[in-house]
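Biologist: I have a new model open and need a quick tour. Can you walk me through it?

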Amino acid sequence: MNIHIIEDDPVLARALQINLELEGHSIFISSSVASALKLESEQQIHFVILDLGLPDRSGFDFLTELRAKKNNIPVIILSAQSDEDSIVRGLNLGANDFMKKPYSFKELYARLKANANKNEQVKDFKKISFADVIVDIENRRIEHASGILELNRREFDIFSHLIQRAEMIISRDSLIQILDKENEIFDRTIDSHISHIRKSMKTACMESIKISSVYGLGYRLEKS
């Protein structure tokens, strides 16, 4: 699941990112309302964790604009601004849940899963189909007409990111953002992973799709 953390405290955002990635999710981070709205328009997001005290505008503004676009993805507000009026306002604007800081990650993750399981938009992305390929996001399994495609953790994350955006050009920077946990991912690392994925696809006789290089822009997963 692609989770968008909107939080201007880099330490808190990083801690959340690490814990959620350990649960198998892809994480996007924004530190302002402007950058959060831009990312929502560019990426397929399945869940939002939203702070209220952002540097440019209130998290309430983000929530208002998100719901005005008829975007019903689940949103949990996670904020130190936790007086009764703020909680009521957040829920009335369309938040699915509200948690106070400081928080327990165990409780937050339980609430996240409960809200995700209620939402059809999230359920639809637990399995992704394209051509004769099915990617089971939750169980990290890739099936196709000729069998199973075996990939390591990072390769699976790249492949699932590409197939969720099939036929779209995906930049290296976008792939670096979802993979980089220790600031050790570079363009050449992404290229190496893509090369290995292509070899694995060939070995597995996966012929219905291919990963094409788009010069100067990135990669595109498309039908062969």
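Biologist: What should I know about the numbers before we start?

Modeller: This is a predicted model, where local features need pLDDT of at least 70, side-chain atom pairs count only at pLDDT 80 or more, and totals for chains, interfaces and linings use all residues. Residues are numbered from 1 along each chain as its sequence is written, and side-chain values use heavy atoms, with hydrogens and water left out.

Biologist: OK, sheets. What is the order of the five strands in the open sheet?

Modeller: The order is β2-β1-β3-β4-β5, and the pairing is parallel. Strands here are DSSP runs of E with at least two residues, and helices are runs of H or I with at least four, both numbered from the N terminus. Two strands pair if DSSP finds at least two bridges between them.

Biologist: Which strands are at the edges?

Modeller: β2 (26–30) and β5 (97–100), each pairing on one side only. From one strand to the next, the twist averages 20 degrees.

Biologist: How many bridges join β4 and β5?

Modeller: Four, in the parallel sense, with β4 covering residues 75–79. I77 has F98 in β5 as its bridge partner.

Biologist: And the four strands of the other open sheet, how are they paired?

Modeller: Antiparallel, in the order β6-β7-β8-β9. β6 (127–130) and β9 (147–148) stand at the edges with a single partner strand each, so one side of each has no neighbour in the sheet.

Biologist: Which helix lies across β6, β7 and β8?

Modeller: That is α7 (residues 153–164), running at about 120 degrees to β7. Axes are lines fitted to C-alpha atoms, for helices over the stretch in contact, and angles run from 0 to 180 degrees between N-to-C directions.

Biologist: Switching to helix pairs. At what angle do α2 and α3 pack?

Modeller: About 25 degrees, with the axes 10 Å apart; α2 is residues 33–42 and α3 is residues 59–68. That makes α2 roughly parallel to α3. The cut-offs are under 35 degrees for roughly parallel, over 145 for roughly antiparallel, 65 to 115 for roughly perpendicular, and oblique for the rest.

Biologist: Which residues make that contact?

Modeller: V33, A36, L37 and E40 of α2, with F62, E65 and L66 of α3. Contact means heavy atoms within 4.5 Å. Those residues divide into five nonpolar, no polar and two charged. Ala, Val, Leu, Ile, Met, Phe, Trp, Tyr, Cys and Pro count as nonpolar, Asp, Glu, Lys and Arg as charged, and the others, Gly among them, as polar.

Biologist: How do α1 and α5 cross?

Modeller: At roughly 60 degrees, with the axes of α1 (residues 10–22) and α5 coming within 12 Å. The two are therefore oblique to each other. L16, N19 and L20 in α1 meet F105, L108, Y109 and L112 in α5. That contact has six nonpolar residues, one polar and no charged.

Biologist: Now aromatics. How many pairs are there?

Modeller: One aromatic pair, counting rings of Phe, Tyr and Trp (its six-membered ring) with centres within 6.5 Å. Planes under 30 degrees apart count as stacked, over 60 as edge-to-face and the rest as tilted. The ring centres of F105 and Y109 are 5.8 Å apart and the planes are at 15 degrees, so this pair is stacked.

Biologist: Why are F105 and Y109 separated by about one helical turn?

Modeller: Because they are four residues apart in α5 (residues 105–118).

Biologist: Last topic, the backbone. Which peptide bond is cis?

Modeller: The one from K101 to P102, with omega near -5 degrees. P102 lies in the loop between β5 and α5.

Biologist: And where is A131?

Modeller: In the loop between β6 and β7.
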